[in-house]
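Have a look at the model first, then read on.

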Amino acid sequence: MLGGLEVHGPEIAITSFESKRAAALLGRVALRVGRAIPRSALIGELWPDEFEDAARPRLRQELFRLKRSLGEAEEMLDVGRETIGLDWQRVSTDLSEFQLLTGAKQIAGFENRIEQLQIAVSLARGELMPGLADPWAETERIATKQAHRDALLELGSLLAEEGNLAEAVIHVREAVRQDPLNEAAHVALVRFLCQVGDIGAAREVCRNFEYRLWNDLGLQPSSELREALESTPAVQGSPKPPPAPEADTSPLPEALNPFFGREAELAQLQALMLPGQPLGPRLVTILGMGGLGKTRLAIEAAKNLTPDFDDRVTFVSLAEVKDGNLVAPTIAKALGAAPTSLGDPYTAIRQFLKGRAHLLLLDNFEQLAPSGVGAVKKLLSENATLRAIVTSRKSLGLMGEQIFPIEPLITPEVPGTVEQITTFPSVALFVDQAKRVNPRFEIDAAAASAILKIARVLEGIPLAILMAASRTKVLTPQQMLDELENRLRFLVTSALDVEDRHRTMRGAIAWSCDLLPEPARKFFFRLSVFRGGWTYEAARAILNEPQTLDYLELLQENSLIEQRSSGGHARFQMFESVREYGAEQLSDDEKREIGERHAEYFQRTAAEARRLLGTETLAECFRTYTEDGANIRAALEWCIDHDAEAAMRLGEALAAYAVRVGRHVEAQSWIERLAAIERSATPNKHLSALLFYRGLFCADQANFAESRKYLELARAASGSLGNEPGVLWADLNLAWLDELQEDYAHALETTSDTVEAFRRVDAREGLAHALGDLASLHVALGRFEEAAPLLDESRAIREELGRGYGFAHIFLKTGSMLIDKGELDLAEPELLRSYAESHRTREIRLLSDALGELIELALLTGKPDRARKYLEESETLRSRMADLRGLAQLRGFSARLSLLERDPEGALAYAREALDRYDSLDSRMGKLDALETVAEALLMRGEAQKARQVHHAVAEYRAEHSVLLTPRAMRRRRELASRISSEADASPHCKPALEDLDAIAAFALGQAGLDHADA
């Protein structure tokens, strides 16, 4: 169960099941071995949205599938008439064993609690039943993670008590990784790191925890964390001077710049190499691409380990050694070991070491694999007290070798303050180098933001960051961003103490490429056609290379590509600098050939994902767009230049996805690139759809004229193709535009006609949607009797179609109507169902609308915490969609939330912002709603007469200009009028002479004491 749901026994290995529900059934009963579970309870957990009687046949069907999957192992099931369970006499699970080991303080058969916990944490080798998304599974998963974390902390404490601090650090660090916001784990880790003398790593743990706690929760850590750091004797005392070296060994190189980042890797590496660990590795190979800082990390670790090895630490540079036979002599020379009369370096080294612990740092080994590997093996096998840290771009391939891969430096994903940004190692490294080469260099908010972008563009590669920072002698960080479009030309250094292969980023990459055989090198160059990663299947299909698998493995071994697992699929990727270098090596003919194959392959990929977008099989669709989005966009760029029809087909697929998930802003750039093709293209279904999606994008951005233009062009294109449903969908969205522009009469007429037309052509999906939209228009006009049967018919069609992704729409419309009717208790379940459905199917526009109604409901029912939570989520979605209308609405909600929290000044500030936004949208309804909030804030401030004047002016404008008052708005206005009447005195109030809405806004803001120049 831990790491995956599998069944194993004598001659039995079952790793897959006929259906996901069958696997879920087994997983649920396996949680409590020996305890029969009522079928009714299983139905409620496995099919929570279905009635028990309707779901009973499904349970029987899944039980049958489970039995068939188990085969002979079926006897493990304990199936009764009303219960299902697992026979405890036949079955045991790793979960139950883990729970027993962690729950009981001491179990017979174990020598001590440490041994017991070590077995327990080794069992928790992966997530509990990954892939099962049921709430009961998630609850158990959380509990198991917590138990694993607690076991790690307890194990770490017990090991520390016995003096095994290195292993304690490893376990407690894992607890921190699992629960990054757990303060107790961080306190323990800091204490243990200090006790082993790694003060730098302890301080870094404190800094990272403080930053994350503040960033994620807005909290500060307790004083216990700092006390753990400051009260440790290792910090207060002075280290004893190390003994003098016994031989003239090669000293560790002294770095001229500070060590940035990698505190976690440094602590882990030091813990691995501490002497006196009988089970610890004796050979650790730091693995990674050139420029990642392998040597710097190794030297820092060796420097910190020097006292533990009584100064017997030796640095051996192998960069200039090309012959494996010279490895041992080079090491002997670095050690200062006198050769024997026969000149045997191995004997000389053995005599020199004399059985004492010694640490070798073998730097830059990749060009010596495999020829020099034998020398390392022989040295380690003949000298039991010898340990070695190797830096290399490929592993040595020896048994017992501990691979230690390193990643780029951490770079923040989102901007922050200058202080926050500069705490990240990649940014700190840039700033430090910039100040060294340019003492006048200063960092302000603009420079920090640019450096952040530079670090992200350079993917956190230390060598690249140092080279870029060296350019601050002549360029500002803002200017560098433009130059980085050709990073390999830009990334060079003139420093004299840098090895040739590290003088340019191009040279660092070429060093690795030159170690490859020619066919593998050519294959690597051709891989540069991919963007953002690729699969083995894609590489084999596009590059048409029979040895694809072998070459991928070879490139991975040489640290030129990485392999990552995602959703059960292996994917490969390379750094953008590496990809750019590979692309430089291709001829124009090669680029054209593989570019065409790449475009064809990802056209097919996008077409299949587009087909799945309108089905219940969404997971594969979104996985495709998430993982291969960069490849699909690159294919689109190729098609725009070479194949207009393919470009429209691919553009339409991308637009459909962007609309669904709300990635409007990202879609704008490539949609603009298609504009010239659209104008000259012959009408086809892809052009029609593309124009339609452009209309939707423009509407969200409140560009109503452009939106109407594209929707009408889409309507005309569909009409010329005889695609009547396409015409009607365009009409329905043109009616939506009328509604946004407050022309309700025309919107009602168009939507009514569209409903009848959808009936005529028997387009059921379109009819269900149109009925919901028509019902909303009737609700806005207060016609609940007309709206209710329309919603009932829409729901019936959805149920008949059985396509879950449409239910979010009808749940939303029903919940919205119930709010307008004032039936708030009934509205919440409908809106939550809409929220859940649109989350599940990733319909971001519907999700945003559902959140808007949930905010309204929370405000009406006096639940500020819930309103704020929904506001924050909605803000993220609306910003991603660039939905100006929605963002204006959120400012209005924020103003009302401030009123609910008795903060009239905050309400006025938000109302002013809402007014400005609604003014740019030319929305009278929005502005009048914001002005009523101003009146409410004035009333809360105790200025009832001013509130009365503002409210009266708004009411008169609404009446004179027939601005629509929805039922909920009318109810709110009446409540406000009642409160004003009860609090304002009865004397006649001065009616302001206001001619238009702008004048009313200026008057209202003036009454509130706000600057109203822009109102």
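This is a predicted model: local features need pLDDT of at least 70, side-chain atom pairs count only at pLDDT 80 or more; totals for chains, interfaces and linings use all residues.

Residues are numbered from 1 along each chain as its sequence is written, and side-chain values use heavy atoms, with hydrogens and water left out.

How many salt bridges does the structure hold? The count is 62, where a salt bridge means a side-chain nitrogen of Lys or Arg within 4 Å of a carboxyl oxygen of Asp or Glu. Here are three of them:

| Salt bridge | N to O distance |
|---|---|
| Arg 564 and Glu 562 | 3.2 Å |
| Asp 738 and Arg 708 | 3.0 Å |
| Arg 891 and Glu 875 | 3.0 Å |

Let's start with the Asp 738 and Arg 708 pair. Asp 738 sits in helix α35 (residues 724–740) and Arg 708 in helix α34 (residues 704–720), so their contact ties together parts that are 30 residues apart in sequence. Helices here are DSSP runs (H or I, at least four residues), numbered from the N terminus. Is Asp 738 buried or exposed? Its relative accessibility is 6%, so Asp 738 counts as buried, whereas Arg 708 is partly exposed at 23%. For these words, buried means under 20% relative accessible area, exposed means over 50%, and partly exposed is in between (1.4 Å probe, protein chains only).

Arg 891 is buried, with a relative accessible area of 11%, and Glu 875 is partly exposed at 27%.

Now for Arg 564 and Glu 562. Arg 564 is partly exposed with a relative accessible area of 36%, and Glu 562 is also partly exposed, at 23%.

Last stop, the surface. Which residues gather in a patch of negative charge there? They are Glu 596, Glu 600, Asp 643 and Glu 645. A charged patch joins like charges within 9 Å, using residues with over 30% relative accessible area and no salt bridge. Glu 645 belongs to helix α30 (residues 644–661) and counts as exposed, with 52% relative accessibility.

How values were computed:
Patches are made of residues with over 30% relative accessible area and no salt bridge: like charges are joined within 9 Å, nonpolar side chains (Val, Leu, Ile, Met, Phe, Trp, Tyr) within 5 Å. Accessible areas come from the Shrake-Rupley method with a 1.4 Å probe; for residues, only the protein chains shown count as cover. Lys and Arg count as positive and Asp and Glu as negative; His and the chain ends are not counted. The place of a charge is taken as NZ of Lys, CZ of Arg, CG of Asp or CD of Glu. Helices (H or I, at least four residues) and strands (E, at least two) are DSSP runs, numbered from the N terminus.
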